Every structure is written in C-alpha cells, then in structure tokens.
Amino acid sequence: MKQLPTDPSRRNFLGKTAAAGLLIAPGVLLHQVAQARPADEAASSKVRWGMLVDTNTCSKGCDACVTACQTENGWGGEHSNEVKSSPEQQSQWIRKVTLRDKQNGHEQSLPLMCQHCETPPCVDVCPTGASMKRADGIVLVDKHICIGCRYCMMACPYKARSFVHEELHDQKPYAPRGKGTVESCTMCVHRVDKDGTPACVEACNKAGHQAMWFGDLNNPNSDISKRLKEYGGNQIRADLGLNTGVRYQGL
Amino acid sequence: MMRTLTLMAVGLLLALPLTIQASDLLPKVPLPAGKDKCVEPTDVMRREHMHFILHQRDETMHKGIRTTKHSLKECINCHNAPREDGKVAHIESKDHFCNSCHSYAAVTIDCFQCHADKPENTNYRHSLVENTLPHHPEMSGSALTKDTLNVLATKGDAK
C-alpha cells in the first residue's frame, strides 16, 4: 500500500493553535479589547456590550437618562411632528418605570429600554431580517429593510420598540429615523463604535446618581463584570431565558 | 402654408437669443472649500455613487464599519456645507447637493426621509486645519495647525 505523504500544514496548524492558546492569556486579550476598534474593523463577538442598572441608587423623580436619550437620538420633543401621534403611540426609546410593592408600599424606580437579548424575540419574528443583532450583542433595526409590520413590537416582552407614525425632519445625522419604521434603543451604537458610552449612562453619572454602568460583559476585568460578579444582577423576565444584555441590581 | 412656415422660421430666429445656455441647465455640484475633487473621479461618482453608499450602508448598519470614504453622512458633510451666510440648503431646495442633480435627472430618492440632509456640526470648516477629525471635534487630537505645532516644537513647548 502506498503511504500518503503527511501534510505538514495540519501539524503546523496544531502547533500554532497551541502557541496561540498560550498567548491569549487574560491580560493580553484584555489589552486588545480595551483599545478603540478602528473604523474599518467590524464589530466582534469577542465583546458583548451590556448595561447594569442599580435600582437602589436610581432616583425616583429623576429622568436624566430619558432626556439625554431624547437629545442624543432626537426622538420626542415638542417641536417634532411626533406630537401629532397619540401619547401611547409616540416613540419611547427609554422610559422610567416605578414598581410598587402592594403589601408594604416599597417603591423602586428604574429605566427600562431595549434589553439587548442574546436570543431576541424581535429578531426571531422579523419577516425581512431588518430586526437584527450585531456581533457585539447590540440589537438594532435596519430601517432600510424594515417594512413597518410591527411584529417585533408585539414579540418584545419589554415594550421597548416604537413605530414612527409621522413624517420627521431634522433628524440627527448619526441617528436616522423616519415614518413607517420601527425603532428602539440602539445602546448609542454610534458612540460605542467610537469607544464612547451611551448617553443615558453618561447623563446618570453626570446627575450624580451613578446608577447605570456600561461595558463589556465578556471581559471579566470590566467595571460592569466586576460589579456583576460581586453583587449579582437580575434580568427582567428571566423566566423567558433571553439572556438580556441589560441587568438590574436590587430588583 | 408657405406663409405659416416663414412666420414660424422668423419666430424661431427671434427666439434664439433668448434660449438659455445648456451649461446653465446642468446641475452645479459644489465642492467643499479647499478641495478640488471628490473621493472618486466624477464619472465614477456619477454612475456608481448609489452602489457605493448602498454597500457602505450595510457595512455600517450590520458590521459597525464606520469608514467615511463612501458614507452618506460624509457626502453631506462635504457637499452640503453651510454657505457663507451660515445657512444650509434643505433637501427640498434645488441648492441642495443631492436634489440639484436628482431633480435634473427626475430620480426620486427617499434617503432623507430618515437621514439628516445637513451636517450636524456647522464648524466643519475646520477641516482645513490639518491633523484633525473635522466632523468629530470632540475626538480631534489637536486643534493646532501643523505649522503652529512645528513652531512650538522648536521652542520646546510641545510634546
């Protein structure tokens, strides 16, 4: 029987992989992640962006996060055509929710927005592929292919999505939005791509509440991961098994 | 019959000096101050610009690639910059860079039902300053020109 020549590339491959495994020590990997992604590089699944809300420090009367989101992404506002829609139809990317324990009257306040699920129901039901999840875990609507059917709005257990009913003008260049499409929290993806922080988190810190954190859930050394490790964090409707990117403490 | 034709010929001759020059009818595409060409040659842009921005749109939307060369936002930043009086053309106006051509060619576009038709940062004229990111002033490394930095460097003040 003729002996087949051994393909050295396979052995080389194994050798290289082993070496690479050694190289990817936690420190090295973290160093890579900590740097801003260049503009021409695609978002990577090595990162999973997430948010953490501490309901104990979230102030009841404060809506700094909501206002910041409106200013940043240009939704709502008195001068927009959106006022023509009925209040329950107007866009709401992020809302403040108050939870009251009926037995003892204890009240909790928290911001609720798109939870950026790992297995998003909105993406499951979208007939066109407009509802999508980026490699780094951010759930978005590609309004170019959204047909405005609103299945995703029905599928979302968090009521996080809105539909634009009116013609809009003077949108923000980095947050295009228009009539006939569904929209929701983008985790300020335009800021995140520039190594920034979402507007709500920034506003919360500015207001001195420090109730919101943003960071990479895959990186054990990020502030958000450390905090989650120490204090834990709940998902809203954890029973649905969606593995949300937004976690809550003190809930 | 002959008389009618003569009258028509005379009429045409009279009308000739009143006709507009062809170049007046063609849309005028403004170039940003300090720049003499677009990111691609004019003939390529004329034929292919829709493909460039369509490709870039998917790259940005789905992969988060935010290079500026073929981005619609950058088209607007450069070509629909505020005029000398500080005003910016809106998409409905024929002064708007996109509309000037599209109304001429009778091609309707719906980009601006969602996208902004003007640059957000009106200080974009700072793009003439070297070594800065004109459209992201908050990210720019230095607001000083190369010459100023050189002067400072020789004095030993700059890092």
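Strands (E, at least two residues) and helices (H or I, at least four residues) are DSSP runs, numbered from the N terminus. The structure is a predicted model, in which local features need pLDDT of at least 70 and side-chain atom pairs count only at pLDDT 80 or more, while totals for chains, interfaces and linings use all residues. Residues are numbered from 1 along each chain as its sequence is written, and chains are lettered from A and ligands numbered from 1 in the order in which they are written.

In a regular strand the side chains alternate between the two faces of the sheet. In β1(A) both faces are covered, with A:W49, A:M51 and A:V53 buried on one side and A:G50, A:L52 and A:D54 buried on the other. Strands are taken to pair if DSSP finds at least two bridges between them. β1(A) runs antiparallel to β8(A), to which 5 bridges join it, and A:G50 stands opposite A:G215 of that strand. With β9(A) the arrangement is parallel and rests on 4 bridges; in this pairing, A:L52 has A:R247 as its bridge partner.

Helix α3 of chain A contains A:A64. This residue is buried because 22 other C-beta atoms lie within 10 Å. Although A:A64 and A:C200 are 136 residues apart along the chain, their C-alpha atoms are separated by 7.2 Å. Contacts are counted when the C-beta atoms of two residues, placed from the backbone, lie within 7 Å. Leaving aside residues up to four places away in sequence, A:A64 touches A:A203, A:C204 and A:A207.

Two loop residues of chain A deserve a look for their backbone angles. Most residues other than glycine have a negative phi. A:H116, not a glycine, has a positive phi of about 45° and sits in the loop between β3 and α4 (121-125) of chain A. A:H116 is buried, with 28 other C-beta atoms within 10 Å. A:R237 also has a positive phi, near 55°, and belongs to the loop between α8 (223-231) and β9 of chain A. With 13 C-beta neighbours inside 10 Å, A:R237 is partly exposed.

Chain B has 6 helices and 0 strands. Of its 159 residues, 18% are buried. Helix α3 of chain B (residues 42-63) has a kink of about 70° centred on B:E48, where the bend is the angle between axes fitted to the seven residues ending at a residue and the seven starting there. B:Q56, B:T60 and B:M61 are buried in α3(B), and the helix is followed by B:G64, with a positive phi near 75°.

The two chains meet through 16 residues from chain B and 19 residues from chain A. On the chain B side, the largest share, 4 residues, comes from α3(B).

Confidence is given by pLDDT, the predictor's score for each residue from 0 to 100. Chain B averages 74, with 62% of residues scoring at least 70. Within this chain the highest mean, 95, belongs to α3(B), and the lowest, 52, to helix α6 (residues 146-155). Over residues 123-146 of chain B, pLDDT stays under 50. The model scores ipTM 0.81 and pTM 0.76.

Key
A residue is buried if 20 or more other C-beta atoms lie within 10 Å of its own, exposed if 12 or fewer, and partly exposed in between; C-beta atoms are placed from the backbone.
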